Amino acid sequence: EGVGIAVRRPDAGDSKNLLLAVGEGENVTFSLVRFDALQGKVCVMPVPSGTRVETEAGKPSTVAQQYAYAGPGLAAQQLAALLGVRVDHYFSITRDGLIALGEKMGNISLDLTQPELQKIGGLPMGSGSGGKTVLSATSAAELIRGSDAGEEALAPLRAEAYSAFLLAGMDRLNTILPDFLRSNDKSFSTSI
C-alpha cells in the first residue's frame, strides 16, 4: 500500500556546519563541526582561538575577541566570512555542560597511539588492546585538562574526543540533544 510514496534521500545540500564554543570567559576553545547526511559523516575541525578575522570596521581581531565582544553568533559570522563557508548554527557551552552532554552519549574508545596524538606530551598509553583506552566524558575532560600542552597541541585530541562522542551517541542524538536543549540548564547558548 506504500506504492507511489516519495522517499527523500540525502543529497549534496544536506549538510550543516556548526561552530562549537566550549568554555567560559577568556578560556574558550572553538571547533567547526560538519554534519554531512549524504556521506553519513561528522567532521570536527579545531579552530585556534587566536585565528585572525576582520571586523566589519576593517580592523583585525581574533575569533576569541569577537566571541568575548558579542557572543558566539558574531564569532560564527566572522569565521564564516574568513573561511568562505556557511556556518548554519552555533552552540556555546560551558565545560561542565559539555561533560554532562557527553555523559549522555556514552563512553568512547580512543587510540592514543595515533601519530597526531603522540606529539602531545603527558598522555597515558592506552590500556586496552592496540593502545586504545576507554573514556567517559569526565575522564576525557580530565585527560585534556590534565595535559600541560597548549591549545594548538591539544586540538587533535579535542577533535578526536568530540568526534568519538558524537559517533557514540549518533543513533540517539535526535533525542539526546533536544532533551538537553529543553532542560532548564543555563550552561549553553545556541541558535539551533
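Author: Contact here means heavy atoms within 4.5 Å, and helices (H or I, at least four residues) and strands (E, at least two) are DSSP runs numbered from the N terminus. The model is predicted, with local features needing pLDDT of at least 70 and side-chain atom pairs pLDDT 80 or more, while totals for chains, interfaces and linings use all residues. Residues are numbered from 1 along each chain as its sequence is written, and side-chain values use heavy atoms, with hydrogens and water left out.

Start with α5 and α6. Ala-137, Ala-140, Leu-143 and Ile-144 of α5 touch Leu-154, Leu-157, Arg-158, Ala-161 and Phe-165 of α6. By class, this contact holds 8 nonpolar residues, no polar ones and 1 charged (Ala, Val, Leu, Ile, Met, Phe, Trp, Tyr, Cys and Pro count as nonpolar, Asp, Glu, Lys and Arg as charged, the others as polar). The two axes, lines fitted to C-alpha atoms over the stretch in contact, come within 11 Å and cross at roughly 175 degrees. The pair is therefore roughly antiparallel (over 145 degrees; under 35 is roughly parallel, 65 to 115 roughly perpendicular, the rest oblique).

α5 also packs against α3, at an angle of about 140 degrees and with the axes 8 Å apart. That makes α3 oblique to α5. Arg-95, Ile-99, Gly-102 and Glu-103 of α3 meet Ala-137, Thr-138, Ala-141 and Arg-145 of α5. This contact divides into 3 nonpolar, 2 polar and 3 charged residues. Ala-137 of α5 takes part in both contacts.

Now the largest pocket, which holds about 840 Å³ of space. A pocket is an open set of points on a 1 Å grid where a 1.4 Å probe fits, with protein on both sides within 12 Å along at least five of seven lines, and lining residues have an atom within 4 Å of a point; the volume is the space filled by probe spheres on the points. Of its 33 lining residues, Leu-20, Val-22, Leu-98, Arg-158 and Tyr-162 are the closest to the centre. Elements giving two or more residues to the lining include α3 (95-105), α5 (137-146), α6 (151-169) and the strands β1 (15-24) and β6 (89-93). α6 gives the most, with 7 residues. The lining comprises 24 nonpolar, 4 polar and 5 charged residues.

The strands β1 and β6 run parallel and are joined by 5 bridges (strands pair if DSSP finds at least two bridges between them). Leu-20 stands opposite Phe-91 of β6.

Definitions and conventions
Axes are lines fitted to C-alpha atoms, for helices over the stretch in contact, and angles run from 0 to 180 degrees between N-to-C directions.
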